[in-house]
Structures are given as C-alpha cells and as structure tokens.
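Please read them with the structure open.

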Amino acid sequence: MRFGDLPSWAVELSALIREAICVGDASAGLGAEATNEDEDACPLPSDLLWREPFFDQMIANRYRPGEGICAHVDLMRFDDGIAIVSLESACVMRFSRAEAASDTPKQGGSASESTAEVPVLLNPGSLALMSGDARYLWMHEINRKPGRQLWDGRELEQRRRTSVTLRKLLPYTD
C-alpha cells in the first residue's frame, strides 16, 4: 500500500488509464453511439479525469485461488474515481446496491430491484472504473470460493490473481 508519491510504474499506469479513458475504448460498454466528447458517456467526469495527481494512493494485492474481497464500498476518505486493474486470472466482480442489506425496498422499487446483483467479468488486464453512484451507492465483491466464480454457465478456473487499485485521498480536514 502506498500513499502520496507513487512508484514510477504506478504513475505510468495512471497515465495509461487516463489515456484509455480519453482515447481508448474505456467506454466500450456504454453503447456504440457514445463518444468521449459526451460528458455522460465518459466513465469519469472531466474534473476527476484531469485532477493532479490523478491518483495518490495505491494498493496491490495478490490473491490465491479461493481468496477474494468481501462486499464493500471504498472508504469515504477517498475521492470519487477509483481504478482497478485486474491481472493474471479472470474473476467475476459482483455489484449490489449498498441499501440492499435492508429488507425494505427503496422508494417504490421492488424487493428484487433493491437486492439485484450485477456481475462483471474481469479478464486479465481488465480495467474497472468506479465513480458517482457506482463508487458510493454500490458495493463490490469478488467471492472466489468454489462454485461462486460462474460466467456463462461455467466455473472460471481459479489461479493466482493480482489487483492494483488506484485512488485519490481527500484533503484532510478537522
């Protein structure tokens, strides 16, 4: 885990992430009509995309087969805009509404809407970006216990997985 000045490879990774968002296909899942000129289509708002430094906190984790992360929302001491690079082994990250822990549906929504899970396949080299509602209102988890890593009806092979998470600390206030 690093805070402040990141190692040179992480600064380079940050630059590559920014480039992928600006000119790459980081918005590929948003639909064919979306372009990065459209503020709503860009996966990060421009104020986050152009902040300096882009990220100043990094954590690299290596997981053995069967190890993952429990459902959580990243700490509020981090600013909006979180990047996760997934390496070495495919996995399924599941998103669920943070309010879903409650048994009561929220403002007119059905119980199934409030407890829905959204699975996302992360292949080796995948970039996951979270901002806005995805960052603050949705929990994310990777449950790599046997039988939990299913995609398209088949269980993914479990190998060592490395993730690099990049975030920006909020300024300290009393």
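**Notes on the fold**

1. Strand 4 is mostly covered, with five of its six residues buried. Buried means under 20% relative accessible area, exposed over 50%, and partly exposed in between (1.4 Å probe, protein chains only). Helices (H or I, at least four residues) and strands (E, at least two) are DSSP runs, numbered from the N terminus.

2. A word on the source. This is a predicted model: local features need pLDDT of at least 70, side-chain atom pairs count only at pLDDT 80 or more, and totals for chains, interfaces and linings use all residues. Residues are numbered from 1 along each chain as its sequence is written, and side-chain values use heavy atoms, with hydrogens and water left out.

3. Overall content. The protein has four helices and eleven strands. Of its 174 residues, 37% count as buried. Take the contacts (heavy atoms within 4.5 Å) between residues at least 6 apart in sequence: 82% of them join residues at least 24 apart.

4. Five strands make an open, antiparallel sheet, in the order 1-2-11-4-7. Strand 1 (2-3) and strand 7 (126-130) have a single partner strand each, so one side of each lacks a neighbour in the sheet. Pairing here requires at least two bridges found by DSSP between the two strands.

5. Strand 4 and its partners. Strand 4 (residues 82-87) runs antiparallel to strand 11 (residues 161-167), and five bridges join them. Five bridges also join strand 4 to strand 7, again antiparallel. Which residues are the bridge partners of serine 86? In strand 11 the partner is serine 163; in strand 7 it is serine 126.

6. Helix 1 (residues 8-23) lies across strand 2 (57-63), strand 4, strand 7 and strand 11. Its angle to strand 11 is about 80°. Axes are lines fitted to C-alpha atoms, for helices over the stretch in contact, and angles run from 0 to 180 degrees between N-to-C directions.

7. The second largest pocket. Its space comes to about 270 Å³. The lining has 18 residues; Asn61, Tyr63, Ile69, His72 and Thr165 lie nearest the centre. Strand 2, strand 3 (69-72), strand 8 (138-142) and strand 11 are the elements that give two or more residues to this lining. Strand 11 gives the most, with four. On a 1 Å grid over the protein atoms alone, a pocket is an open set of points where a 1.4 Å probe fits, with protein on both sides within 12 Å along at least five of seven lines; lining residues have an atom within 4 Å of a point. Grid points are joined across faces, edges and corners, and the volume is the space filled by probe spheres set on the points.

8. Alanine 90 sits in the loop between strand 4 and strand 5 (91-97). It counts as buried because its relative accessibility is 14%. Setting aside neighbours within four places in sequence, alanine 90 is in contact with Leu121, Leu122, Asn123, Pro124, Gln149 and Leu156. Alanine 90 and arginine 161 are 71 residues apart in sequence, yet 7.7 Å apart in space, C-alpha to C-alpha.

9. Backbone points to check. Most residues other than glycine have a negative phi, and most peptide bonds are trans. Glutamate 88 has a positive phi, near 80°. Glutamate 88 is in the loop between strand 4 and strand 5, and is partly exposed at 29% relative accessible area. Aspartate 152 also has a positive phi, about 50°. Aspartate 152 lies in the loop between strand 9 (150-151) and strand 10 (154-155), and is exposed at 71% relative accessibility. The peptide bond from glutamate 52 to proline 53 is cis, with omega near -10°. Proline 53 is in the loop between helix 2 (46-49) and strand 2.

10. Cysteine 91, at 0% relative accessible area, is buried.
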